[in-house]
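Visitor: Could you walk me through this structure, step by step? I would like to learn how to read its features.

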Amino acid sequence: MFTEVITKRKQAEIALANSERRLQDIANNLPGAIFQFTYCDGVWRIDYVSDFIWELAGITALEMMEDLSSFIGLIHPEDTDNYVASVVEAIENLTSWHYEGRLVKPNGEIRWWQGDSTPTRNHQGEVIFCGVMLDITERKQAEAELKRLNEELETRVEERTKALLESEARFQRLADNVPGMLYEFHLQPDGTQFFSYVSSGCQEITGRSPKELQYDASLSLTYIHPEDVPHVQAATSLSAQTMQKFEHEWRVITTTGEQKWVRAVSKPERRQEGEIVWYGYLLDITAQQAALRDRQQAQQQLQQQAQFLQSIWEGVDYGICVLDVLDDGADYRFVNFNPAMLRNSLTPLEHWLGKTITEALPEDMANRYRQHYKECIQSKKSIFFEECFRYEEVETWWLINATPLWDDNSRISQIVVTSTEITETKKAEQERQLFVSVIENSSDFIGFATLAGKPIFLNEAGRKMVGLDHPSFPEDLNISEFFFPEDREYVQQSIIPKVIQHGMWEEEIRFRHFQTGAEIIVDYNMFILKNPETNEPLYFATITRDIRERKQAEAALRESQHLIQRIANSTPNLIYIFDLEEQRNVYANRELYSLVGYSIEEVQKMGDKLLFNLLHPEDLAKITIYHQQFLTANDGEIVEFEFRVKDKNNEWCWLYSRETPFNRNADGKVKQILGVSTNITERKRAEIKLQQQAESLEDTVRELQLTQAQLIQSEKMSSLGNMVAGVAHEINNPVNFIHGNLIPASEYAQDLLRLVALYQIYYPYPPAEIQETLIDIEFDFLKEDLVKLLKSMRVGTQRIREIVLSLRNFSRLDEAEFKDVDIHEGIDSTLMILHNRLKSKPDHPEILVIKEYGELPLVECYPGQLNQVFMNILSNAIDALESLCMSEQGEITIRTEVIHSNWVRISIADNGTGIPATVVSKLFDPFFTTKSVGKGTGLGLSISYQIVVDKHKGKLYCHSEPGNGAEFVIEIPITQAVG
């Protein structure tokens, strides 16, 4: 596969080189210099210029690409400003650039040149000029000469006309100054020819004086090019016969040997004697002929280019499509398809001609292509994109290129679209990426080198192995330098010849670390990559693995085996290996004999009866279960257990054993286990005795602790109850006194305010001293605030009375026996006492209490103790809700209902974080708490449980799931059973 990728890449490179050579041949034969210039932030870069620049400017393409100023310096000084202005305008407006000017070649020759380009801007902001520079010197000269001749001709014709009117002398002067030669030619009936008049222009055109031609007319034929003489004679004869204007062009050879093109125009006139006279002129048209030849050559080149483009249109193997741009890119119409497009298309395309893409394509495809073409128009440059088509379960990939075409108004009128199938390239790229990914992600050393030993590729793992920091290699690096110095001669003289001879070689050898020089032991595999077609060797390749850790492990294993054997024989513990499949012991150390009295040989003879013969019957089933678990155990898992074995004296001894997987079969199941056993017979006997004593002592301590905790808690609650009752009593008397006097005080105040109001009605203008006092005490405000103050005092005293009542109700010191009480009253009293903890705090919002009370009868219970249960559960709920974040609203829901007709259920639930199942099972254990040190004793729920279950013969349990809060449920009978 790797060779196939290289071959395809080589073919692509050859095709690219051929394409570049054909492009260079075309550029060299064009009558101008093709160029590509790039401008960015004031800096010019010459990307390409063809060799014709030498003929145009007298400098080589290389000189110009290295230094643009070598060309700028050749621009004629008078043309520099216009040149710069034209370039600046093209860059700023991205308009077509056209410029005509002069160049002064290094030899002093002045040449006219013409530059044309359409600048574009790429995504990097660079302005790119692609175009051609033409040599228009001959055209300019011809145009200038023609212009000059026309101007002179017009002037001289006017002068001649004027001279004819004035004098023959002035006519002669005019004739002498007319460009070309004026003549009067006579042909007599006997064939005699002569010039009766020849202007002085004859000297300039033919190099002969007018007198020479007038003296001997036959000389006129001597300067005509031999190939043109018959044509001139035929034209003259035709004009004589038909008396039509003589017009003809031919070549002349001057006396100096110079060849010129001339044009003669004359009008014949027949005289009475039969003589024919032509009056006309002979004009030097060499420059016009050169211009005509250039024009014809240009037309021929254009025709050739058209034929070339047509051959490309019909001969290329990729599809070409032309679309008209409609409404500035709103839609696009199919105009033409080349044969390759029609041939390669998965569906017929002929019926698309004349249709828009909206009409021809599905909506989603039309929208996608419309977006691509719009991007092409907006960017004003070619764009590329890939398309995938699936036809009859076959997937093909195509590379699409859209190029804008401008009309004469510099408006994009058409788009040329080419499509090239890249399915194989796409697959090859995917395979190449997969191959590269495999190589780069491999943990092995993978590299390639030339047959001369120069490295050309090394993956990341290989570079890391030998300490190379960069993917590139020094020029002088050879693959032999990767090996340890002592091994290099062996590599050169033995390994490489074997690889060349046999195609591959594999052996353990040493690499060296380039940075530390350290030795690296590797499993080295070297082989030859060959050309699949010629079978010729191309490259060396290697896949090498670092085996230092394996070597170290092997050495450590040998050492450890020796050490283990010595340890095993000297340890006081029994070490054994038991085969689970064969149910027999395969190894045991010397401790076996001292432990059970059997020799290793005697144990081996027992075979698969070993466990049956030695194990206690009660332990045999347990050991069998442990061994079954080993079949699916992971390496490193340890199973610990104790069991009894019978020694050779038929006495039972206790062993403590630790077993772990030791060996596996081909299916990966544990075949053998390794065990270490310790004789714990004496310890076991002592443990049994101690356990019996400990259990007895533990029961005694538990009872003492529980009794002590209950006494302490009872005493605490009793003291707290006495204190609460005393405080409530002491507060209650003065509060009642204040509360009782507030009503008459309010009435007295109202009477006094009414009396003052009457005084104000009947004595509206009191003395000045009274008015000042009224102002000082703010009487109007005092009237309103006094009433509010008295009402506020009544509300406050009422609140204090309610709190006192709740404290007395909660303490229930006068109700230490079973009483019929209102459960709701006890819950409300508890909530009243906890009201301060329910209010909002800076670090959490108010805790809402939702009461869902049912219709409950009076319940027979210990009111004070039951209130203590409510206090403990509600306090714990508040503690749980205070740990919530500020954004969460804490809620406590209290539900009461009658169940089973003679029981009541009180449910207290919160929406806190909940309690894990492992904690729920321990909630009611004495001294168990999840709170931090100093915040809980672990007795609250334990005592609550005893109050509900032991004292009231009820139930107390908890429902909770982490994240869903907790619910404590109290269920007690409505009436207590007697006895």
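Visitor: Is Arg333 buried, exposed or partly exposed, and why?

Guide: Arg333 has 31% relative accessibility, so it counts as partly exposed. The label rests on cut-offs: under 20% is buried, over 50% is exposed, and the rest is in between. Please keep in mind that this is a predicted model.

Visitor: What does the side chain of Arg333 meet in a salt bridge?

Guide: Here is the general idea. Side chains of opposite charge can pair when their charged atoms come close. In this structure, Arg333 meets Asp324, with 3.9 Å from N to O.

Visitor: How many salt bridges does a search of the whole structure find?

Guide: The search finds 48. One of them joins Glu78 to Arg102, where the closest N and O atoms are 3.0 Å apart. That pair links distant parts of the chain, 24 residues apart. Glu78 sits in the loop between helix H4 (69-72) and helix H5 (80-93), while Arg102 belongs to strand S3 (residues 97-104).

Visitor: Which labels do Glu78 and Arg102 get, buried or exposed?

Guide: Glu78 counts as exposed because its relative accessibility is 57%. Arg102 has 18%, so it counts as buried.

Visitor: Which residues are linked in a network of salt bridges?

Guide: The network links Lys105, Glu109, Arg111, Asp135 and Glu138. Within it, look at Arg111 and Glu109, whose closest N and O atoms are 3.0 Å apart. Arg111 is buried, with a relative accessible area of 13%. Glu109 is partly exposed at 30%.

Visitor: Let us turn to rings. How many aromatic pairs are there?

Guide: The count comes to 30 aromatic pairs.

Visitor: Where in the chain do Trp44 and Phe129 lie?

Guide: Trp44 is in strand S2 (residues 43-49) and Phe129 is in strand S6 (residues 127-135), so this pair links distant parts of the chain, 85 residues apart.

Visitor: Which residues do ring pairs link into a cluster?

Guide: Trp44 and Phe129 are both members, along with Phe35, Phe37, Tyr39, Phe71, Tyr83, Trp97, Tyr99 and Trp113.

Visitor: Which residue lies over the face of Trp112, and which over that of Phe514?

Guide: Lys140 lies over the face of Trp112, 4.8 Å from the ring centre. For Phe514 it is Arg512, at 4.3 Å from the ring centre.

Visitor: Now for the inside. How many residues has the largest nonpolar core?

Guide: To read a core, look for buried nonpolar residues joined through side-chain atoms. The largest one here has 40 residues, and those with the most contacts inside it include Ile823, Ile873, Phe968 and Ile970. Among the elements giving two or more residues to this core are helix H27 (823-833), helix H29 (863-882) and strand S33 (966-973). The largest share, nine residues, comes from H29. There is also a second, separate core of 27 residues, which includes Phe35, Leu56, Ile59 and Val127.

Visitor: Which residues form a nonpolar patch on the surface?

Guide: The patch consists of Leu752, Leu755, Leu758, Tyr759, Ile761, Tyr762 and Tyr763, with about 840 Å² of accessible area together. Ile761 is found in helix H24 (residues 681-762). At 57% relative accessibility, Ile761 counts as exposed.

Visitor: And the backbone? Which residues have a positive phi although they are not glycine?

Guide: Asp41 is one of them, with a phi of about 55°. Its place is in the loop between strand S1 (32-40) and S2, and Asp41 is exposed at 74% relative accessibility. Ser901 is another, with a phi of about 65°. Ser901 lies in the loop between S30 and S31, and it is exposed, with a relative accessible area of 67%.

Key:
Residues numbered from 1 in each chain as written. Predicted model: local features only at pLDDT ≥ 70, side-chain atom pairs only at ≥ 80, totals over all residues. Heavy atoms only, no water. Phe/Tyr/Trp six-rings, centres within 6.5 Å; stacked < 30°, edge-to-face > 60°. Helix = DSSP H or I, 4+ residues; strand = E, 2+ residues; numbered from the N terminus. Lys NZ or Arg CZ within 6 Å of the ring centre and 35° of its normal. Patch = residues over 30% accessible without salt bridge, like charges linked within 9 Å, V, L, I, M, F, W, Y side chains within 5 Å. Areas by Shrake-Rupley, 256 points an atom, 1.4 Å probe, with all protein chains shown as cover. Salt bridge = Lys/Arg side-chain N within 4 Å of Asp/Glu carboxyl O. Buried < 20%, exposed > 50% of the residue type's maximum accessible area, 1.4 Å probe, protein only. Core = buried A, V, L, I, M, F, W, Y, C linked by side-chain atoms within 4.5 Å.
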